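Here is a short tour for a first look. Keep the sequence and the structure side by side as you read.

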Amino acid sequence: MKQILLLCCLSVVFFQSYADLKPLDDAQLGAATGEGLGLVLDDFVFNVDDAVTTLTGIENSQGEDVVVKWTDFYIMGEGSNKGSNETPVDIGTFAHPWTISAIPGSDISSVNDSLAVFQVAAENYTDPLNNTEDYAGWAYFQEQHCRTSGVCSSDPNNAVSAIDAQISSMTLERDAISGKYGNNLTGLNNSITSDINNQIKPQQTVVANEQDDIEPAYNTMDYYWDRLGSGARNDTDGFGTKSDGICAFWEDCAYKSEYNNAVDNYNAQVSQFNDAQRELAPRWNEVKWNNVSLKERLTDLEQYESLCGDVGSTGGGCSDGAIVIRQAQRSKVVDVALGIGSGLTRRGGIDIGSKFEFDVYDSTTGTTRTDYLDIDLSGVTLDGSYIRLWGSNGDLDGEINLKLFADSLSIATCGPACSAAQVQASTLTGTNVFLNLALGYGKAQPLKFSVTPDGQFEAELPKLTYSNHQDFYQNAPKTSVFIGNVNLGGNNDLGGLTIDGMQFNYLKVNSHDL
Amino acid sequence: MIYNVLTMIGLALITLSLPLNAEMKPLTDSALDNISGQGGVYLTGEFTINKNPGPLWATTGDRNCGSASDPKVCGLRFAVSVDGGGSEWYVLDDVSGGMAFEGLTLRTEFVAQDEEGNDFNKEVLKVGLPGKVKMTDYKFTFAFSNQGAWSDDAGFRQTDIFGIQQDGDITLKGNLIMFPTE
Amino acid sequence: MSVYTSVVFILVVLNVVTVHAELTPLSDEQLSYSTGQAFISVDASSYQDFEFTKINLGLDVELQSNIDELRLGEFDRTGDPSVADESQPADVIIRNFGLGRVDDYDTTNPKIVPFIIKDPYIELAYKKDGAGGRQIAGFRLGFAQAKGDLSGDFVSLTGNMEGLITGSSSIAYDVGCGPGGSVGWFDCLALSIAGDTTIEAVAKLVDKDTGQPNLGGSYVKRATWLGIPQGESFSAPDGGLIGALVPTLSRVDNCKALGLDACFPVSIYQSFYVGDPGTDNFETGSAKGIFMSLQSQQVPWQDYAGSGRINTDKGAFMNFASYTDTNGQKRYPFVVDLYSALTGTTRVPTCIGQTKGC
């Protein structure tokens with residue numbers, strides 16, 4: 001009873017506010033304290049299979065339309081067998097809902113300002129078995145173990161062995177470099193800095209100065225070549241060579257000597273540049289400290305620092321670097337392995353898939369053919385993903401972090417006329433697929449997107465500055481893509497694909513008409 | 001596609017307001033006693049956009065969304081600007097077609113505990129999805145434009161990025177549950 | 001925030017969008033103001049048993065980025081006779097892969113110089129099974145044009161990487177016949193006669209043991225060495241008497257030419273410049289035909305920088321090959337000066353405050 005009255009009032013309130021539409025002003029948004037809306041999709045099934053959907057607007061290079069039929073799109077629960085068994089799924093739960101909220105910028109370390117940030121976020125899980133990022137890390141090392149040792153059993157501790165092996169080999173490498181220089185890494189660092197300042201930089205300036213002399217000399221030579229008399233020109237072997245024959249008095253010998261002097265001068269400038277370079281280049285190999293060349297020292301130091309962090313900071317242990325990162329990841333991998341070992345299972349994921357049919361004009365045969373593309377993701381979890389948007393100087397700035405893990409990604413290209421065996425043989429399957437896409441990092445490098453009415457768009461991650469770089473390198477999330485194994489038809493293994501730790505100091509993408 | 005779902009739910013909720021608004025009068029206690037059921041609302045509806053041409057483009061002479069040889073009346077146009085109404089507009093153009101569903105339910109529930117046994121103690125709004133939604137010649141085109149309104153000014157530009165046309169039954173099952181979070 | 005306010009908020013937002021439709025009179029010329037997008041197009045072609053579908057993206061991309069590790073084609077190649085280095089677990093392994101560079105990286109005013117890519121495309125190759133079905137044979141990501149610094153710790157490489165080594169023969173003399181040099185007196189005499197002649201050679205991925213770019217009938221996989229292939233030599237493009245002698249004097253045998261090493265571990269090259277570093281003009285200075293691909297079997301990809309096909313085998317493939325420019329001249333995606341070819345190239349900085357590993 002009460003509820004019906006409440007609903008009536010709800011609609012009245014709605015109707016009244018319809019008449020008073022105005023955007024929420026800054027003061028009202030300022031009052032939003034991070035509260036939001038929790039969303040749960042319970043026993044959800046979405047399937048477009050009975051509806052015919054056509055996508056228009058794609059053309060080929062000749063400007064003819066490519067008809068794309070989107071013949072299927074489904075979102076169901078894990079175990080739906082590519083959408084054929086209607087299996088309901090829970091997307092978000094009361095304990096772990098998806099949320100839409102307005103957050104004060106000061107609560108987000110990358111933003112750190114009093115503006116309001118609009119956020120749409122997937123659910124959050126902290127236990128490593130369910131946390132997508134942690135679980136994907138375990139799955140990656142489980143695959144590593146299978147590849148490097150050939151032991152591919154389902155023992156969850158294989159992943160721990162694999163990450164231990166990697167940490168140990170990195171530690172050995174670090175110790176080898178350190179030992180090479182008698183553990184005196186500070187001395188190594190100082191020797192490199194001193195050599196670069198005293199030997200390399202001064203000569204680099206000389207090289208740059210010599211290089212600057214070349215263009216004017218070239219231009220002068222070009223100037224006189226354009227004016228060179230035909231008689232004189234005939235005595236050359238082309239532009240850049242001297243006019244070295246005898247130019248008879250009845251021929252046009254205009255500017256012959258000016259041109260020849262210009263060629264000499266140009267060659268002299270090029271020669272001085274080459275000499276300067278030849279003076280610079282060997283210094284990398286010949287300037288030595290403890291009998292090790294500058295180039296080798298620099299390579300060793302860079303390798304040490306990428307493994308162990310800055311040399312200047314500590315003595316002994318590693319402050320930062322790949323070893324520390326792997327050690328932190330190890331504890332998560334161990335937690336996942338313990339969880340699985342004690343019989344815990346991961347929550348079920350989502351199955352998502354789409355089928356497309358394209359009619360394309362084959363330019364080689366001159367006929368139209370139909371391409372089929374069937375993409376299915378199974379056991380998808382997205383927890384930890386979010387999109388954040390905020391306004392800045394009239395622009396819309398954002399931060400996207402998409403964490404997607406799928407048990408498998410399969411792509412089939414055989415149409416409905418194919419038999420089951422043909423479909424099986426033609427399906428490309430990737431297992432243990434993880435995409436961690438991080439674009440934008442608060443105010444240091446917001447993701448900017450804009451469109452033009454000509455149908456073009458521009459996406460930008462602005463250039464990183466000196467003042468932002470430390471916070472960015474230490475805290476900004478990196479993008480990674482990992483596919484454990486790719487096989488065709490179930491037996492033709494193409495192995496794994498890894499793009500680990502991708503980060504942009506700058507990115508700008510502009511579209512244009514083809 | 002998700003966009004499609006949210007648009008449908010949004011539009012469905014708009015539809016919800018209209019019939020109730022047409023019959024606003026207080027329900028007496030005796031009338032309420034005669035209502036049985038879950039304490040929610042069960043809806044069946046059909047929502048058609050621009051099935052017959054509207055006030056904006058009454059004929060293909062006003063604006064033609066087909067071709068010269070096959071003229072078509074245009075559908076609805078939505079435009080959103082993210083830069084305060086400047087020249088950067090995202091447009092849903094030529095939106096037309098029908099959606100029909102039966103069995104959309106709306107009710108509130110009190111949930112005491114969440115799935116993990118922790119206290120939850122919130123009233124949630126539960127929208128029961130209708131199971132099947134029938135799309136009849138539903139279509140829209142997504143475009144970028146430099147003005148919100150379609151116009152015949154020389155400076156008006158719009159570029160269509162892609163279009164969707166849909167006809168048939170879509171399965172949409174389950175419940176959409178909403179509640180406040182802190 | 002109560003349930004009602006939340007729901008109202010959503011409904012208000014959904015309704016705001018309708019307010020912007022305004023009533024204005026319209027004319028007949030509407031169609032001319034509305035056009036279709038043209039930054040994505042789809043093309044199809046075929047060749048023998050293969051069908052190809054190419055998605056072209058009309059994009060101009062500028063980026064300066066780092067990848068900690070890139071690994072492609074990580075699978076077991078035991079028994080494959082074309083493998084150059086059997087200890088490598090993957091076809092392509094590059095650590096600290098950088099695109100673009102940062103000038104003045106250790107000052108408070110660093111300058112980011114991006115890598116530029118134009119018109120990337122994605123192409124799928126299908127193999128017809130002869131019974132009405134088809135399977136995916138390969139996938140590639142390519143760039144119509146690219147220009148900029150490319151850096152990395154190259155551990156394993158597979159594909160077609162063609163670099164032009166060019167320099168003055170006097171550098172070879174300095175390195176090989178100067179202090180610490182190991183060139184014999186006869187070759188040193190020849191080099192000293194050659195003087196400042198410009199000499200050049202094409203370097204490719206080779207097998208360290210044989211100096212060959214092909215093994216077991218196919219291009220080398222998982223190569224860890226780059227060099228002038230066995231039997232090839234330097235040439236002197238300017239000709240002349242010395243020019244005619246250079247090829248004979250510098251024939252490569254067992255990875256040596258003119259007494260100098262002609263093959264080097266790829267790890268000594270830490271940075272390359274893709275395209276022509278001597279010009280800022282993107283059109284004339286960009287390299288063409290670059291792509292990375294993955295195949296499940298042999299696939300003859302079309303060469304978009306030339307006119308033939310590029311035959312690839314199962315696994316990963318990186319194509320940084322020579323191409324013919326609009327003037328009919330052969331150009332190489334990266335050019336290394338002779339001194340750097342002999343001693344390696346240092347890495348250009350790709351981070352602010354450090355050269356790599358950020």
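## A hairpin in chain A

Phe449(A) has Ala459(A) as its bridge partner in S15(A). The model shown here is predicted. Phe449(A) belongs to the pairing of S14(A) with strand S15, residues 457-461 of chain A. These two strands run antiparallel, with four bridges between them. Five residues separate S14(A) and S15(A) in their hairpin. There, Gly455(A) has a positive phi, near 85 degrees.

S14(A) has another partner. Two bridges pair S14(A) with S12(A), again in the antiparallel sense. Gly398(A) finds its bridge partner in S14(A), at Leu447(A).

## Chain A as a whole

Which parts is chain A divided into? Domain 1 covers 2-156 + 351-510, and domain 2 covers 185-289. Between the C-alpha centres of these two domains the distance is 55 Å.

Chain A holds 11 helices and 17 strands. Its radius of gyration is 32 Å, whereas the globule rule gives 24 Å for 514 residues, so chain A is more spread out than a compact globule. Along the principal axes, the C-alpha atoms of chain A fill a box of roughly 115 × 65 × 65 Å. Of the 514 residues in chain A, 36% are buried. Take the contacts in chain A between residues at least 6 apart in sequence: 64% of them join residues at least 24 apart.

## Where chain A meets chain B

How many residues of chain A are in contact with chain B? The count is 48 residues of chain A, against 55 residues of chain B. On the chain A side, the elements that supply at least two residues each are helix H1 (2-19), strand S1 (36-47), strand S2 (52-56), strand S5 (98-104), strand S12 (395-412) and strand S14 (447-451). S1(A) provides the largest share of this side, with 12 residues. By class, the side of chain A that touches chain B has 26 nonpolar, 16 polar and six charged residues.

S1(A) also pairs across the chain boundary. Its partner is strand S6 of chain B, residues 158-181. The two strands run antiparallel and are joined by 10 bridges.

## Where chain A meets chain C

The contact between chain C and chain A takes 74 residues from chain C and 75 residues from chain A. Several elements of chain C give two or more residues to this side, among them helix H1 (3-16), strand S9 (134-156), helix H3 (169-177) and helix H7 (338-343). Which element gives the most? S4(C) does, with 16 residues. The side of chain C that touches chain A divides into 35 nonpolar, 28 polar and 11 charged residues.

S4(C) takes part in strand pairing with chain A too. Strand S17 of chain A, residues 492-511, pairs with S4(C) over 13 bridges. The sense is antiparallel. Within S4(C), Leu63(C) stands opposite Leu507(A).

## Inside chain C

Chain C contains seven helices and 26 strands. Of its 358 residues, 53% count as buried. Among contacts in chain C with a separation of 6 or more, residues 24 or more positions apart account for 68%.

Now look at one residue. Is Gly176(C) buried or exposed? Gly176(C) is buried, because 20 other C-beta atoms lie within 10 Å and the cut-off for a buried residue is 20 or more. Gly176(C) lies in helix H3 of chain C. Asp187(C) is 11 residues from Gly176(C) in sequence. In space, the two are 9.3 Å apart, C-alpha to C-alpha.

## Confidence

The model scores ipTM 0.84 and pTM 0.82. Chain C has an average pLDDT of 82, and 86% of its residues score at least 70. Where in chain C is the pLDDT below 50? It is below 50 over residues 1-32 of chain C. Beyond near neighbours in sequence, that stretch has 50 contacts in the model.

Terms used
Residues numbered from 1 in each chain as written. Chains lettered and ligands numbered in written order. Predicted model: local features only at pLDDT ≥ 70, side-chain atom pairs only at ≥ 80, totals over all residues. Domains from an automatic or database assignment. Contact = placed C-beta atoms within 7 Å. Nonpolar A, V, L, I, M, F, W, Y, C, P; charged D, E, K, R; others polar. Pairing = 2+ DSSP bridges. Rg over C-alpha atoms; globule rule 2.2 N^0.38 Å. Buried ≥ 20, exposed ≤ 12 C-beta atoms within 10 Å, placed from the backbone. pLDDT = per-residue confidence, 0-100.
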